[in-house]
Amino acid sequence: MTISLPALIMFLVIAAICGAIGRALAGGTKGGLLTSIVLGLIGAIAGPWIARQLHLPEPLVIRVAGQQFGILWSIIGAALCVVALHLFSRRR
């Protein structure tokens, strides 16, 4: 599978938006754009996987360059990742 540079940039922008929304919903973390992109990409993997395991549909999908990007489950996956980070990090 090959992906063009504009499609890759679009995926990263969508991941950043999903990661930022997920961070805001779960109470936020330190970091900026890069953190949002990473959380969005993790959410894009974890969220749809959880949805498939629970046999839940993806109500909001964006297609970029023929590839699907599930928005709702990516946001939920990013929020769950932030919650897990909060649970496992020590606050002093």
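Two strands pair if DSSP finds at least two bridges between them. Helices (H or I, at least four residues) and strands (E, at least two) are DSSP runs, numbered from the N terminus. This is a predicted model, in which local features need pLDDT of at least 70, side-chain atom pairs count only at pLDDT 80 or more, and totals for chains, interfaces and linings use all residues. Residues are numbered from 1 along each chain as its sequence is written, and side-chain values use heavy atoms, with hydrogens and water left out.

**Stop 1: the hairpin.** Select β1 and β2, a hairpin with two residues between its strands. The pairing is antiparallel, over four bridges. Val 64 faces Gln 67 of β2. In the turn, Ala 65 has a positive phi of about 55 degrees.

**Stop 2: Leu 60.** Go to the loop between α2 and β1, where Leu 60 sits. Leu 60 is partly exposed, at 45% relative accessible area (buried means under 20%, exposed over 50%, partly exposed in between, with a 1.4 Å probe and protein chains only). Beyond its neighbours within four places in sequence, Leu 60 is in contact (heavy atoms within 4.5 Å) with Phe 69, Gly 70, Ile 71 and Leu 72. A C-alpha distance of 8.5 Å separates Leu 60 from Trp 73, 13 residues apart along the chain.

**Stop 3: helix α1.** Select residues 5-25: α1 has 21 residues and reaches 30 Å from first C-alpha to last, close to the 30 Å expected at 1.5 Å a residue. The expected span is 1.5 Å times one less than the number of residues. Buried residues of α1 include Phe 11, Ile 14, Cys 18 and Arg 23. Their cover includes α2 (33-53), β1 (61-64), β2 (67-70) and α3 (71-88). Just after α1, Gly 27 has a positive phi of about 105 degrees.

**Stop 4: α1 against α2.** The two axes come within 6 Å and cross at roughly 95 degrees. Axes are lines fitted to C-alpha atoms, for helices over the stretch in contact, and angles run from 0 to 180 degrees between N-to-C directions. α1 and α2 are therefore roughly perpendicular (65 to 115 degrees). Contact residues include Leu 12 and Ala 16 of α1 and Leu 33 and Ile 37 of α2.

**Stop 5: α2 against α3.** These axes also come within 6 Å, crossing at roughly 105 degrees. α2 and α3 are therefore roughly perpendicular to each other. To show the contact, select residues including Leu 39, Ile 42 and Pro 48 of α2 with Trp 73, Leu 80 and Leu 85 of α3.

Methods. Parallel < 35°, antiparallel > 145°, perpendicular 65-115°, else oblique.
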